[in-house]
Amino acid sequence: MHTSFALLGLVTCLTLSPAWAETTETPPPIDQKSAFLEHLMQRMTLEEKIGQLRLISIGPDMPQPQILKEIAAGRIGGTFNSISRAENRPLQEAAALHSRLKIPIFFAFDVIHGHRTTFPISLGLASSWNLEAIQQAARVSAVEASGDGLDLTFAPMVDISRDPRWGRTSEGFGEDTYLVSRIAEAMVRGYQGSSPSNADSIMASVKHFALYGAVEGGRDYNVVDMSPMRMYQDYLPPYRAAIQAGAGGVMAALNSINGMPATANIWLMQDLLRKDWGFKGLVTSDHGAIWELIRHGVAQDGREAAKLAIKAGISMSMHDSLYRDELPKLIQSGEVSQKELDASVYEVLAAKYDMGLFHDPFRRIGEASGDQDPKSEQRLNREAARQIARQSLVLLKNEQNRLPLAKSSTIALIGPLADSPIDMLGSWSGAGRHQQTVTLRQGMQQALGAEAKLLYALGANLTGNQSIIDYLNRFNWAETEVNPDPRNAEQLLAEALEVAQKADVIVAAVGESRGMSHESSSRTQLTLPDTQKALLKALKATGKPLVLVLMNGRPLALEWEQENADAILETWFSGTEGGNAIADVLFGDYNPSGKLPISFPRSVGQIPTYYNRLRIGRPAPLDPKEPGNYTSQYFEEPNGPLYPFGHGLSYTQFQLSDMQLSSLEMTADQSLEARITLKNTGDRAGETVVQLYIRDEAASIVRPVKELKGFQKIQLQPGEQQVVRFPITEELLKFYNAQLEYKAEPGVFQVQIGLDSQQVQHQNFSLKP
Ligand code: BGC
């Protein structure tokens with residue numbers, strides 16, 4: 001416990017909390033949460049109550065002396081973006097020691113895929129299909145973040161994304177409802193541990209509620225217009241899964257849904273979230289979103305915006321001052337009732353209570369004497385980062401077993417992403433330091449030692465388009481995000497070709513900069529930028545084997561690359577230990593096991609390509625060689641994605657055989673089991689993911705062609721085999737019907753099992769009435 005807090009003589013856990021220091025009335029014991037908080041609320045002034053609803057960004061907008069004053073006056077409920085104990089301590093002292101009622105504040109931050117240690121971006125984490133590893137990544141992040149005095153993260157981000165033009169695709173876990181829901185649970189369990197009140201836990205605030213990933217055209221902040229059935233079936237379950245796993249918070253999305261912004265959406269926030277789902281935690285707005293209600297055109301001024309938001313149940317206002325400015329007048333006029341205000345205040349206080357802050361506001365901040373340099377190497381968990389980064393890499397192509405590479409050859413490593421530490425971190429890696437990040441060049445060099453020769457050339461700048469570079473540098477997260485080499489394209493290419501000529505094999509590291517897959521970074525093209533395309537063509541023309549290492553935060557359109565490269569390894573943005581992890585895979589020290597959590601289109605015009613599409617009357621023929629007249633397709637290119645959902649190769653071969661169902665029929669209260677034998681028929685140990693899909697053959701409404709309903713990641717030695725079992729219960733067959741009832745309908749179902757979503761074995765069974 002913080003000394004000054006203890007010195008006050010307030011043995012909070014026993015009888016007296018600091019909030020009651022000035023009262024003669026005996027407060028309820030602290031372990032009686034609602035009585036304790038309600039009693040506290042009776043003592044709060046209107047200004048203090050409104051203060052609790054303000055979530056303020058620490059930064060240039062509010063210098064420290066001013067923020068200390070505001071906190072001590074009880075005018076701030078929580079802050080975000082200050083990420084060290086030393087920064088947070090005086091702020092908590094102002095709140096918990098010096099404010100009238102001594103109500104603690106909380107500290108929040110976007111701990112999205114790691115904290116001091118950066119793990120792969122969320123899309124990469126999802127590619128591991130390893131829930132334990134994902135949970136561990138969140139646990140390590142929580143330990144590091146709580147060690148910096150943080151109490152809450154604005155994560156997990158579980159927006160289903162099916163349009164890779166959307167820049168925030170990188171920040172989510174892909175296109176599939178089932179997979180994202182399981183990951184949502186794992187992330188919440190990892191962040192919160194056994195309780196968000198633990199000193200080494202942080203509270204999870206799931207976002208962006210709701211449907212942010214479905215913004216029209218993949219253009220950030222755009223509208224969402226969606227049928228209720230699609231919403232309930234595909235987009236809402238991951239948020240609910242996070243809440244059922246115990247997430248203490250929910251952040252409202254920036255978009256509107258069927259004409260009403262989430263921030264003012266009473267149906268979404270009250271009826272669905274609180275009444276139907278029973279959520280009792282803290283709802284915050286997104287950054288400035290209450291004020292944006294004016295821009296959406298549903299509020300004519302700040303007063304109306306504040307009124308709409310609080311009535312919808314947005315309890316904390318992130319980074320805007322409308323609650324402070326408008327709520328006093330709205331309460332006075334009776335337009336917002338005391339009851340409505342109190343409901344929000346209670347939510348904020350209850351969240352603080354659940355974070356353990358009333359018991360000890362300094363439980364995560366500790367004593368100054370225990371502070372560590374937040375930037376020190378000791379703060380990092382490199383081993384955990386390397387383990388999961390290896391699992392997040394997806395081998396998309398490996399012609400003639402070009403990979404793994406021998407450690408004895410001469411390798412030319414070429415490309416703008418080969419040695420770019422900032423980009424390894426990926427988007428939303430606020431506390432990660434590029435100075436502590438291993439690039440691919442460093443990782444390969446370390447793996448090779450003196451055994452082989454690693455030659456390097458930049459080869460091309462990220463892009464030749466100056467306005468794109470200017471745009472990316474405007475974000476200015478690091479000193480310079482994108483730092484083009486001043487040499488011209490010909491000079492860079494000449495150097496690369498010279499290097500390539502001396503090598504046995506070329507490894508080209510190409511893709512996007514991290515800023516290209518970020519908030520506000522929607523794209524109209526999904527091909528590699530022209531400079532990089534030209535580089536690859538020139539490298540291909542050397543006739544040397546060409547291995548592509550891709551770094552990107554969204555599916556790209558890679559038809560040329562698929563045709564021309566010998567091997568392609570998707571590495572996303574793989575974090576602090578990314579370079580080592582990629583080298584592990586390139587040299588065969590780790591056998592790749594990642595699978596795509598999102599399908600890759602052939603071209604941008606083919607979007608959307610998600611695998612679990614609804615059935616239609618004129619589907620394109622399954623065999624791409626068959627003519628598809630009057631069927632649903634684009635006639636200029638083959639139908640279907642370039643790489644399907646669930647795709648990912650290994651250095652060994654796996655075979656599935658003998659799919660069996662324990663019974664060909666079941667009733668609602670029975671279950672059956674699907675079994676299949678997985679065999680490692682190659683000569684290396686390896687892991688793969690066996691995937692279970694179910695298709696409802698006929699129902700009261702149109703159902704998807706298939707849906708993922710289970711998966712198991714299994715490791716086998718060469719020659720080893722294992723029977724994989726999937727229980728099938730009525731629960732797996734349920735869906736939202738036209739009345740939005742969640743029910744299974746009797747009839748025929750097809751069970752499909754495969755190592756990706758396309759190549760599957762299948763068998764039917766019936767659900768009997
Ligand atoms: C983003 C949120 C984020 C918030 C605070 C907003 O711009 O949409 O996802 O949590 O900023 O950093």
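User: Where is Arg602 found in this structure?

Analyst: The model is a predicted one. Helix 23 covers 578-586. Arg602 is found in the loop between helix 23 and strand 17.

User: Is Arg602 buried or exposed?

Analyst: Arg602 has a relative accessible area of 16%. Buried means under 20% relative accessible area. Because its value is 16%, Arg602 is buried.

User: Which residue has a side chain joined to that of Arg602 by a polar contact?

Analyst: Among the residues in contact with Arg602, leaving aside neighbours within four places in sequence, are Leu558, Glu559 and Pro641. For Pro641, the backbone oxygen lies 3.4 Å from a polar atom of the Arg602 side chain. The side-chain to side-chain polar contact, of 3.4 Å, is made with Glu559.

User: Which strands stand at the edges of the open sheet of three strands?

Analyst: The strand order is 17-19-22, with antiparallel pairing. Each edge strand has a single partner strand, so one side of each is left without a neighbour in the sheet. These edge strands are strand 17 (654-661) and strand 22 (721-729).

User: What is the bridge partner of Ser671 in strand 22?

Analyst: Strand 19, residues 671-680, pairs with strand 22 in the antiparallel sense over nine bridges. The partner of Ser671 in strand 22 is Thr729.

User: Which residues touch the most other members of the largest nonpolar core?

Analyst: This core has 133 residues, and its largest share, eight residues, comes from helix 8. Beyond its neighbours within four places in sequence, Leu236 is in contact with residues including Phe209, Met231 and Trp277. The residues that touch the most other members are Phe209 and Leu236.

Conventions
Residues numbered from 1 in each chain as written. Predicted model: local features only at pLDDT ≥ 70, side-chain atom pairs only at ≥ 80, totals over all residues. Heavy atoms only, no water. Pairing = 2+ DSSP bridges. Helix = DSSP H or I, 4+ residues; strand = E, 2+ residues; numbered from the N terminus. Core = buried A, V, L, I, M, F, W, Y, C linked by side-chain atoms within 4.5 Å. Buried < 20%, exposed > 50% of the residue type's maximum accessible area, 1.4 Å probe, protein only. Contact = heavy atoms within 4.5 Å. Polar contact = N/O pair within 3.5 Å; in protein donor to acceptor, adjacent residues only side chain to side chain.
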